[in-house]
Amino acid sequence: MTATHKMEVHSADSTHMDGKVAGVMGGLATEEEGEVEATGEVEEGAKSWFRMTIPHGKKYDKKWLLTALQNLCSVPFTPIQYHTEGNRAQFFVDDASTANALSKVSRKITDTEGYKVTVLMNPCVPPSSIQTDLKPEDLDHLKQCMSKRFDGSQQALDLNSIRTDPDLVSQNIEVILNRKSCMQAVIKIIEENIPGLTCLNMSNNRLYKLEDLAELVSKVPNMKTLNLSNNELKTERELDKLKGFKLVELWLDRNPLCDHFKDQATYISAVRERFPRLLKLDGHDLPPPIGFDVEAPTTLPPCKGSYFVSDEIKSHILRFLQQYYSVYDSGDRQPLLDAYHDGASFSLSMPFSGQNPSRCSLGEYHKDSRNIKKLKDPTTRFRLLKHTRLNVVAFLNELPKTQHDIASFNVDVNTFTNTLLSFTVSGVFKEVDGKSRDSVRAFSRVFVAVPAGNTGLCIVNDELFVRNATTEEIRRAFAAPAPTPSSSPVPTLSAPHQEMLSAFSLKSGMNLEWSQKCLQDNEWDFNRAAQIFTQLKAIGKIPDVAFLK
């Protein structure tokens, strides 16, 4: 397999295993192989296997990740043997054109934390899932072998060194439990014949991954004792795949992972974090666990809408946001001086990135980012704060010009008293000029304000957090239907009526559609329309939708 262009090697992946079985292990190589993010393409038309790797992909939901890849991939693909290896997610494809198309998706998907999803490509041998399955007669011999190793009185199955069992070796049957087909055969026999299994010995089988064994979790709910000693497990993260077992006894000694802990207490803590009911580890009794027999929720509750505390506060905030962002997005932010207190403070932050700022998609915000998780120097932290309204607005004028999607806004009131109001606004915006024009960003902004005049707000503290929008946020951004003459009256009005409409919308806080309706109903009499609006608003007759921009 040759490459028509230069490729960049980003990382190396090495998996230790016996040389005899290296050729059938699904691309999990015995020697160092570079994971490649292609800057060119491998030779089209080549019929070969490729391992696609997503660094840090373990944290993503499998369905979300594959759907996101398919949505951007130029050709349909079927992922083969999707699995996680360490922090990575991996799957296989069987032709060069599909591998090329997937590699071009690299860094075009943004996750919920604002990070770009990288896709690495590496030629490999066929994965284990397509290796020749055991023949029916082989399965019969395996079942007989397992029957001899099963103790019915203890509901215990001993598969120690199963590959060297004389009954199997004499029939030239090779049961290698690192092969998916072999592990699946064993699990199927257990499921169909001994679902009440409570003790399983898998020691001395050169296991280096537990993903295939994890399929047993739902098959044998009564499993209490598991022996994985003398295998090739390199990291405790492999144990995460078996957390569904409610184990009380576990053996892990003589695995490489045992050498990674500074002391026995750290080792016990790491294992018990995965199996909180554990009472015995490597044959040694553990102190009784402290905890509550309550299953932790596995999913986050759905997000709720805005929280305003009261309709009065809601009215103040919506009016403020409409006025603030109409100026902020106007191209001239200087009038925002009227919105800030003389002693106001402002700070900007963005997610930490190890990238060179010149290559970072948020590079224009990088030099002023006050991310205190990264910045430890008190002097730098203080310098990046903008003090006084003059400095704050001068800085805001330096930020990229924007257009905010008001429909995306979510507002949460954090604190309110008679003299102070703190609320968070989150949503999306796009940049409208410069090198990042039309780039969609997500933001979260905390305003701390005090009363100004009868109904106004004056900002004393302003914290802005900016990140890349996720793929889903980009899809939903500015998704409201384009205005039509019936819903957006501006294009069909005379200049005086347009001016009156803008003024009425600004004063009432209503959007243009409802402002025009109110003016038309009152024959474009501004004062009468304002009086009617005030009366209807006081008795709650104006719906919330009238205030949605």
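**Charged pairs and their surroundings**

Asp-212 and Lys-209 are both buried (buried is under 20% relative accessible area, exposed over 50%, partly exposed in between, with a 1.4 Å probe and protein chains only). This is a predicted model, with residues numbered from 1 along each chain as its sequence is written; local features need pLDDT of at least 70, side-chain atom pairs count only at pLDDT 80 or more, and totals for chains, interfaces and linings use all residues. Side-chain values use heavy atoms, leaving out hydrogens and water.

These two residues are joined by a salt bridge, with the closest N and O atoms of Asp-212 and Lys-209 being 2.7 Å apart (a side-chain nitrogen of Lys or Arg within 4 Å of a carboxyl oxygen of Asp or Glu). The structure holds 23 salt bridges. Another of them brings the side chains of Lys-180 and Glu-215 together, at 3.3 Å from N to O. Because Lys-180 lies in helix H5 (residues 180-193) and Glu-215 lies in the loop between strand E9 (199-201) and strand E10 (225-227), this pair ties together parts that are 35 residues apart in sequence (helices are DSSP runs of H or I with at least four residues, strands are runs of E with at least two, and both are numbered from the N terminus). Lys-180 counts as buried, at 15% relative accessibility, whereas Glu-215 counts as partly exposed, at 31%. The two pairs belong to one network of salt bridges, in which Lys-180, Lys-209, Asp-212 and Glu-215 are linked.

Strands E9 and E10, which flank the loop of Glu-215, belong to an open sheet of seven strands with mixed pairing, in the order E7-E8-E9-E10-E11-E12-E13 (two strands pair if DSSP finds at least two bridges between them). At the edges of this sheet are strand E7 (150-151) and strand E13 (284-285), each of which pairs on one side only. Further along the sheet order, strand E11 (residues 249-251) runs parallel to strand E12 (residues 280-281), the two being paired over two bridges. In this pairing Glu-249 stands opposite Lys-280 in E12.

A further salt bridge is formed elsewhere in the chain, where the side chains of Asp-462 and Arg-445 meet at 2.7 Å, N to O. Asp-462 is in strand E20 (residues 456-468) and Arg-445 is in strand E19 (residues 440-452), so that the pair links distant parts of the chain, 17 residues apart. Asp-462 counts as buried, with 0% relative accessibility, and Arg-445 is buried as well, with a relative accessible area of 1%.
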